Amino acid sequence: PAWRGLAYIVFEDLPLEAFGNRIPNLSFEVFRSPQAQTGAARLETRIEGVDLIPASGEFVYATSSVLRDDGPGRQSWLNINNARGKPDFLAAVDDLEARLPNCRSVLIVSAWFGTDLRCGDCVIRPGVETREAITRPYSWSVSGENRSSAYLISRIDGRPVYGGSPADASLIEAITELKARGFSVSLYPFILMDIAPGNGLADPYGGAEQAAFPWRGRITCHPAMGETASVDGTGTARDQVEAFFGTAAAADFAVSGQTVSYTGPAEWGFRRFILHHAALAAAAGGVDGFLIGSEMRGLTTIRGESNSFPAVEQLTLLATEARQLLGAGTRLSYAADWSEYSGYQPADGSGDVFFHLDSLWSAPEIDAVAIDWYAPLSDWRDGDTHLDQAAAP
């Protein structure tokens, strides 16, 4: 209509039987194309790469249409939630190609779940939303785990707090589809911390218990640096870091066609998490880029004896293992948090400055210095007592 800023939709004779004869909740997405300045390219044409999320969701990346059995004679689609009648992943990539014509790089984010901020006690496992679901044409499976054996994600008010880890088959499908469309594809293994309220876990930072659903960058030694009786700077800290990484190796993974098998130690450490994703990428025919971790600020700054940094040493070794699975054609890096990439200054009054990641950045298998940085989309400020507001139309 003529009133700027107002849009409305009219329904005539809307059938309500499927909604219990009530008007359902309705959600809408409103799209607006930013106008280019005179002589400048439009925003849509300037975007060349995107991160593909949500990272969690058992079949969110599937190109196959996945059905769930809901009881005798009843079924529902798990990954078709659009009016086009195709898997949501395919609909999303169609939209990506249509709306961002110069975007030719996609980084797929895939999540497993961390269980503890104490690195020596933390396991990282693939998780499911429920144990009961029966799905077709394939069942959920990740790294040899099935729905009955996998980690069960925490629930609040009867609902899982996260979507499940993407099924191995769905990730292979997504990588294969994107490559077939001519995209450069990178894979980003991602840790979501499933630590619910009331967890009762000892807090390395001295709290009554660990904070609920924290940032993975808070995984650290116990007690943490700066806390009473901290193990930072000792051999105990190194032992805790090595327990977090585990001992899985590239030789423990076998790729046969599009199937990945694991025969290594029965543990769920960081190395198994990363190397499983590397093996999946190989099963999909390879990827252009791969991250061996990201934003592990509380881990990379842990010091062992003689001001060593055992987590950085472990990441350097892990890059070599990932290279064995991925080959020379894949670019490797670690995506540092913006607060850790440039160095570490311990808050202990020493005045020390450590360029703790330099040995990783300069390692032969690392191809780039990578930084996770969440830049603002604009410099517009909150409030109404500044020149931005005065200049608003």
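How are the helices α5 and α7 oriented to each other: roughly parallel, roughly antiparallel or roughly perpendicular? This report works through that pair in a predicted model, then turns to T247, a loop residue.

## Orientation of α5 and α7

Helix α5 covers residues 270-283, and helix α7 covers residues 310-326. Their axes come within 9 Å and cross at roughly 25°. Angles under 35 degrees count as roughly parallel. The two helices are therefore roughly parallel to each other. The crossing of α5 past α7 is right-handed.

## The contact surface

On the α5 side, the contact is made by F270, R271, I274, L275, A278, A279, A281 and A282. On the α7 side, Q314, L315, L317, L318, E321, A322, L325 and L326 take part. Sorted by class, the contact has 13 nonpolar residues, one polar residue and two charged residues.

Spacing within a helix matters here. An α-helix has 3.6 residues a turn, so residues three or four places apart point the same way.

## Helix α5

Helix α5 has 14 residues. From first C-alpha to last, α5 reaches 20 Å, close to the 20 Å expected at 1.5 Å a residue. The helix is mostly covered, with 13 of its 14 residues buried. After α5 comes G285, with a positive phi near 95°.

## Helix α7

Helix α7 has 17 residues, which should span 24 Å at 1.5 Å a residue. Its end C-alpha atoms are 24 Å apart, so the model agrees with that expectation.

Of the 17 residues, 12 are buried, so α7 is largely enclosed by the rest of the structure. Among the buried residues are P310, A311, V312, A319 and R323. Q314, L315, L318, E321, A322, L325 and L326 are also buried, and these residues belong to the contact with α5. Just after α7, G327 takes a positive phi of about 85°.

## T247 in its loop

Where does T247 lie? T247 sits in the loop between α4 (235-245) and β14 (253-256). Is T247 buried or exposed? Its relative accessibility is 54%, so T247 counts as exposed; the cut-off for exposed is over 50%.

Beyond its neighbours within four places in sequence, T247 is in contact with D252, P265, E267 and R271. R271 is also one of the α5 residues in the contact with α7. T247 and G200 are 47 residues apart in sequence. In space, the C-alpha atoms of T247 and G200 are 28 Å apart.

Notes
Residues numbered from 1 in each chain as written. Predicted model: local features only at pLDDT ≥ 70, side-chain atom pairs only at ≥ 80, totals over all residues. Heavy atoms only, no water. Axes fitted to C-alpha atoms, helices over the stretch in contact; angles between N-to-C directions. Helix = DSSP H or I, 4+ residues; strand = E, 2+ residues; numbered from the N terminus. Parallel < 35°, antiparallel > 145°, perpendicular 65-115°, else oblique. Left-handed = near helix turned anticlockwise from the far one by under 90°. Contact = heavy atoms within 4.5 Å. Nonpolar A, V, L, I, M, F, W, Y, C, P; charged D, E, K, R; others polar. Buried < 20%, exposed > 50% of the residue type's maximum accessible area, 1.4 Å probe, protein only. Expected span 1.5 Å × (residues − 1).
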